[in-house]
Amino acid sequence: MTTQLTKLLETEVAKRRTFAIISHPDAGKTTLTEKLLLFGGAIRLAGTVKGRKASKHATSDWMEIEKQRGISVTSSVMQFDYEGHRVNILDTPGHQDFSEDTYRTLTAADSAVMLIDVAKGVETQTKKLFQVCRMRGIPIFTFINKLDREGRDPFELLEELEEVLGIRSYPMNWPIGSGKQFCGVYDRGKSQLELYQGDDHKDIQVRKVDGVDDPLVKQIAGEFLHKQLSQDIELLDVAGDPFDMEKVLKGELTPVFFGSAVNNFGVQTFLENFLQLAPKPEPRNSTAGVIEPTKEKFSGYVFKIQANMNPAHRDRVAFLRIVSGKFERGMSVKHVRIGKDIKLAQPQQFLAQDRDIVETAFPGDIIGLFDPGIFRIGDSLSEGEEIVFDELPTFSPELFSKVSIKNALKQKQFLKGIDQLTEEGMIQVFTTFGFEDMILGVVGQLQFEVLEHRMRSEYGVDILLQRQNYQFARWIVDEKIDPGKFRINSQLVKDKKGNYVGLFESEYALRSSIEKNPTAKFLTSAP
Ligand code: GDP
């Protein structure tokens, strides 16, 4: 029997799209996000997204780093409504020194939008983030940006997607000219021209045509560009991949859109197609099997904890992705790890920098929970059930520093700080054999800088970080392990739970250690 609640859940889930934008710095993510929010009628937010880059929006003191470097250190969540859909955008930090936070945010998304600069193609950070999406098998939509500038040949870019990322593509539209000669795109599905005007118009000019060889196309594009467009489209039709929704949903084929975010060109078309094609909130795996979003009992997991969003309160916020059921303010849920019921009294939802109290929320939504120190990354909450979600892999750190304190009298605060920041998932801690030195592992340099800053401002401790030459960490499972075998260009340490971890200076050192320990298993994350 379908109950009232199931019906409500079906409707609410069908409406929702939760996604993250992945890109390399400067590709235009802030600009695109802002334009998307504008379409959603969230006009009061115009400039807010951008504002993060300016100094006036530094809302907390450890975000000083953000201010100084003009980057956004932590990701936030934005929500807007558009034509019957409720859209949740997860903002992943756009700087080079990203952290595990970035990776983890992707576990809360059901699809990703990959933003690429037409002149630069696939860049390093896009590649890393893409790999995480690939691992999760989520659909990826591509927006090729800055068509108003001279860029690379579109065919060359599609080839790069395939060669560098291993994903095939289906251009939904195709540019007519580029840079100064850019006159718009040809929509392959709708057989229409969308004309570029070069300024921020919400309503773009659209002309229906009868295929690319319609005389109107020639009239608008001119002889030369028309010939090129006609050849390109023929080539795509003949030699390109056919559109295949199943492959899109598996993340094997990416629908590609061309446009110019800053000129608001191609953004609306992109949004509308995206909302049609992108998946609604997906089920998640748990210890109790697959949990469907329409399951009536509420459940969700914490994928991120952010400290001190508001310096006046020194608060922490735990970000929860709702997996199933209906969330209501004030409801009691089970905190599975600690085995206690807790009341969700002051949940928040996020509109760029503004926070609103949320009364109800549904699967796919992200809510912020005030955290008096009871949450850890990966914690599951449920309406009375023993459900633990296993969505959050720990990523193998790539940068390592030995850490110590400048003032030995502050040992207690030091250990407390390190402990709490490890729980937040900001750093991983390892201990050496013998001297019991503490080595910290991170995936991005910025994590070390934020760590120093937060240890000083929140715990009153000045720390010393000494960079180590290691590049790789592997969790080692072996019956009889011998730390003595890890000497040259490597070291054996223990993680917080006492697991053995090998740190290696080079791929060569790692390989030779694998050869020397044939019975051992070398894992990229904790067993
Ligand atoms: P982010 O680092 O990815 O968030 O990039 P931003 O959104 O801050 O954009 C980086 C720069 O590219 C800014 O100066 C933008 O104005 C510019 N930009 C964004 N979109 C476009 C576009 O379509 N065309 C051009 N010419 N510039 C753009």
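Which strands does helix H10 (residues 267–277) lie across? Select H10 and you'll find S1, S2, strand S3 (85–90), S5 and S11 under it, with the helix running at about 160 degrees to S11. Axes here are lines fitted to C-alpha atoms, for helices over the stretch in contact, and angles run from 0 to 180 degrees between N-to-C directions. A contact means two C-beta atoms, placed from the backbone, within 7 Å. Helices (H or I, at least four residues) and strands (E, at least two) are DSSP runs, numbered from the N terminus.

A word on what's on screen: this is a predicted model, where local features need pLDDT of at least 70 and side-chain atom pairs count only at pLDDT 80 or more, while totals for chains, interfaces and linings use all residues. Residues are numbered from 1 along each chain as its sequence is written.

**Zoom out**

The chain has 13 helices and 31 strands. Of its 527 residues, 44% count as buried, meaning 20 or more other C-beta atoms lie within 10 Å of a residue's own C-beta, placed from the backbone; exposed means 12 or fewer, and partly exposed is in between. Among contacts between residues at least 6 apart in sequence, 70% join residues at least 24 apart.

**The seven-stranded sheet**

Now select the open sheet: 7 strands in the order S2-S3-S1-S4-S5-S11-S6, with mixed pairing. Two strands pair if DSSP finds at least two bridges between them. At the edges, strand S2 (77–82) and strand S6 (168–171) each pair on one side only. Neighbouring strands are turned by 30 degrees against each other on average, direction ignored.

Pick out strand S1 (residues 16–23) and strand S4 (residues 111–117): they pair in the parallel sense over 5 bridges. Click Ile 22 and look opposite to find Met 114 in S4. Next, select helix H7 (residues 154–165), which lies across strand S5 (140–145), S6 and strand S11 (253–258), at about 150 degrees to S6.

Select the ligand. What surrounds it? A shell of 17 residues, the closest being Gly 28, Thr 30, Thr 31, Ser 260 and Val 262; a residue is near if its C-beta atom, placed from the backbone, lies within 6 Å. By class there are 4 nonpolar, 8 polar and 5 charged residues (nonpolar: Ala, Val, Leu, Ile, Met, Phe, Trp, Tyr, Cys and Pro; charged: Asp, Glu, Lys and Arg; polar: the others, Gly among them). Helix H2 (residues 29–39) gives the most to this shell, with 3 residues.

While you're in H2, click Thr 33. It counts as buried because it has 23 C-beta neighbours inside 10 Å. Thr 33 and Ile 21 are 12 residues apart in sequence and 8.4 Å apart in space, C-alpha to C-alpha.

Select strand S7 (residues 173–176) and strand S8 (residues 184–187), which run antiparallel and are joined by 4 bridges. Asn 173 has Asp 187 as its bridge partner in S8. Carry on to strand S9 (residues 192–195), antiparallel to S8 over 4 bridges, with Val 185 opposite Glu 194. S8 and S9 form a hairpin with 4 residues between them, and Ser 191 in the turn has a positive phi of about 45 degrees.

**Last stop: helix H13**

Select H13 (residues 507–516) and colour its buried residues, Ala 509, Leu 510 and Ser 513. They sit on the same side of H13 because they cover an arc of only 100 degrees around the axis (judged by the directions from the helix axis to the C-beta atoms). Their cover includes strand S28 (472–477), strand S29 (490–495) and strand S30 (500–504).
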